[in-house]
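Biologist: I am new to this structure. Could we go through it together, starting with how far to trust it?

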Amino acid sequence: MESLSLPVLNPLLASSSNLFRNQSSRMTSSMVSSLKPPFGGTSLSTVHRFRVGDVRMQAVDEDIDLKQMRDMAAAKKRWDGLLREGKVKLLTPREAGYAISLSNKPLLDVRPSSERNKAWVKGSTWVPIFDNDDNLDAGTLSKKVTSFAMGGWWSGAPTLSFNRLFLSKVEEKFPKDSELIVACQKGLRSLAACELLYNAGYENLFWVQGGLESAQDEDLVTEGVQPLKLAGIGGFSEFLGWTDQQRAQAAKEGWRYRLVYTARLFGVVLAADALFVGAQQLGHYIQELRGH
């Protein structure tokens with residue numbers, strides 16, 4: 001059987017690195033166009049070296065992007081094959097709820113802790129295929145800074161790493177002949193988990209289509225501080241209530257729900273205005289000190 005290509009299972013990290021590389025290429029190009037040696041001369045060799053380096057960087061970026069696209073296409077083909085051939089059965093969230101309550105089938109939750117801690121299906125077993133990367137080495141810190149700068153501050157998406165103990169942890173909890181319902185927040189990582197489990201010998205697998213996020217309130221018995229639909233959001237967008245999930249929730253709960261986030265937005269505007277005025281006052285004060 002084909003082995004699982006781990007890099008394609010974390011599209012967030014891949015897209016963040018792509019954005020970072022593309023921005024680096026643009027920065028290099030702008031540096032080349034403005035580069036001049038001392039005394040107003042023009043060093044053609046220096047500019048040539050920068051341009052060659054920029055071309056090489058862009059070529060490497062394109063090769064990496066192409067490889068990631070090919071890996072993702074290959075993974076999708078494998079996953080579609082698992083479903084089409086019946087090696088992994090498809091369930092809607094409502095069907096999964098019936099299977100849990102009527103047939104007592106176990107649900108394996110493979111989401112990271114940042115999602116699991118907000119909401120979960122009652123009685124489910126949690127073994128993340130990816131989890132929050134809490135390492136403090138230089139490489140991880142660089143990834144976290146890049147992810148935050150490239151939109152993590154808005155979406156709240158954490159830096160994740162593959163859980164190398166995933167299979168061994170599942171094997172500790174479930175024998176190979178178990179009928180397992182596998183679910184994540186949106187349905188992508190659970191498909192990847194199904195492939196890993198099937199390749200390891202699990203042949204009675206059920207995949208929750210669309211993930212737990214697509215479940216209606218009555219489909220599953222849940223626990224936690226938030227609805228399942230909101231477990232995958234975060235960052236500043238969640239604080240302001242500017243996510244599709246929160247807009248759908250507001251349509252159900254009415255004006256009180258909207259009022260909370262309207263008040264937050266008003267507070268952000270006031271805080272930004274106060275900072276702007278404070279910065280102006282500080283600038284005037286510094287100018288006065290220089291004048292004396």
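Modeller: This is a predicted model. The protein has an average pLDDT of 76, and 72% of the residues score at least 70.

Biologist: Which stretches have a pLDDT below 50?

Modeller: Residues 10-44 have a pLDDT below 50, although beyond near neighbours in sequence this stretch has 42 contacts in the model. Residues 46-50 also fall below 50, with five contacts in the model beyond near neighbours in sequence. Where pLDDT is low, the predicted coordinates should not be read in detail.

Biologist: Turning to the sheet, what is the order of its five strands?

Modeller: The order is E1-E8-E7-E2-E4, in an open sheet with parallel pairing. At the edges are strand E1 (88-91) and strand E4 (125-126), each of which pairs on one side only.

Biologist: How many bridges are there between E2 and E7?

Modeller: Three bridges connect strand E2 (residues 107-109) with strand E7 (residues 180-183), in the parallel sense. Leucine 108 has valine 182 in E7 as its bridge partner, and aspartate 109 stands opposite alanine 183 in E7.

Biologist: And what joins E7 to E8?

Modeller: Three bridges do, and the two strands run parallel. Here isoleucine 181 stands opposite phenylalanine 206 in E8.

Biologist: Are the faces of E7 covered or open?

Modeller: Both faces of E7 are covered. Leu180 and Val182 are buried on one side, and Ile181 and Ala183 are buried on the other.

Biologist: Where does helix H7 lie?

Modeller: Helix H7 (residues 188-199) lies across E1, E2, E7 and strand E8 (205-208), and runs at about 170° to E8. Together, E7, H7 and E8 make a right-handed β-α-β unit.

Biologist: Changing topic, how many aromatic pairs does the structure hold?

Modeller: The structure holds one aromatic pair. Phenylalanine 130 and phenylalanine 162 form this pair, with 5.7 Å centre to centre and 70° between the planes, an edge-to-face arrangement.

Biologist: Which strands do the two residues belong to?

Modeller: Phenylalanine 130 is in strand E5 (residues 130-132) and phenylalanine 162 in strand E6 (residues 160-162). The pair links distant parts of the chain, with its members 32 residues apart.

Biologist: Why does phenylalanine 130 count as buried?

Modeller: Phenylalanine 130 counts as buried because its relative accessibility is 4%, and the cut-off for buried is under 20%.

Biologist: And what about phenylalanine 162?

Modeller: Phenylalanine 162 has 23% relative accessibility, so it counts as partly exposed.

Conventions:
Residues are numbered from 1 along each chain as its sequence is written. This is a predicted model: local features need pLDDT of at least 70, side-chain atom pairs count only at pLDDT 80 or more; totals for chains, interfaces and linings use all residues. Side-chain values use heavy atoms; hydrogens and water are left out. Two strands pair if DSSP finds at least two bridges between them. Helices (H or I, at least four residues) and strands (E, at least two) are DSSP runs, numbered from the N terminus. Contact means heavy atoms within 4.5 Å. Axes are lines fitted to C-alpha atoms, for helices over the stretch in contact, and angles run from 0 to 180 degrees between N-to-C directions. Rings of Phe, Tyr and Trp (its six-membered ring) pair if their centres lie within 6.5 Å; planes under 30 degrees apart count as stacked, over 60 as edge-to-face and the rest as tilted. Buried means under 20% relative accessible area, exposed over 50%, partly exposed in between (1.4 Å probe, protein chains only). pLDDT is the predictor's confidence in each residue, from 0 to 100. A crossover is right-handed if, with the strands pointing away from the viewer, the path from the first strand over the helix to the second runs clockwise.
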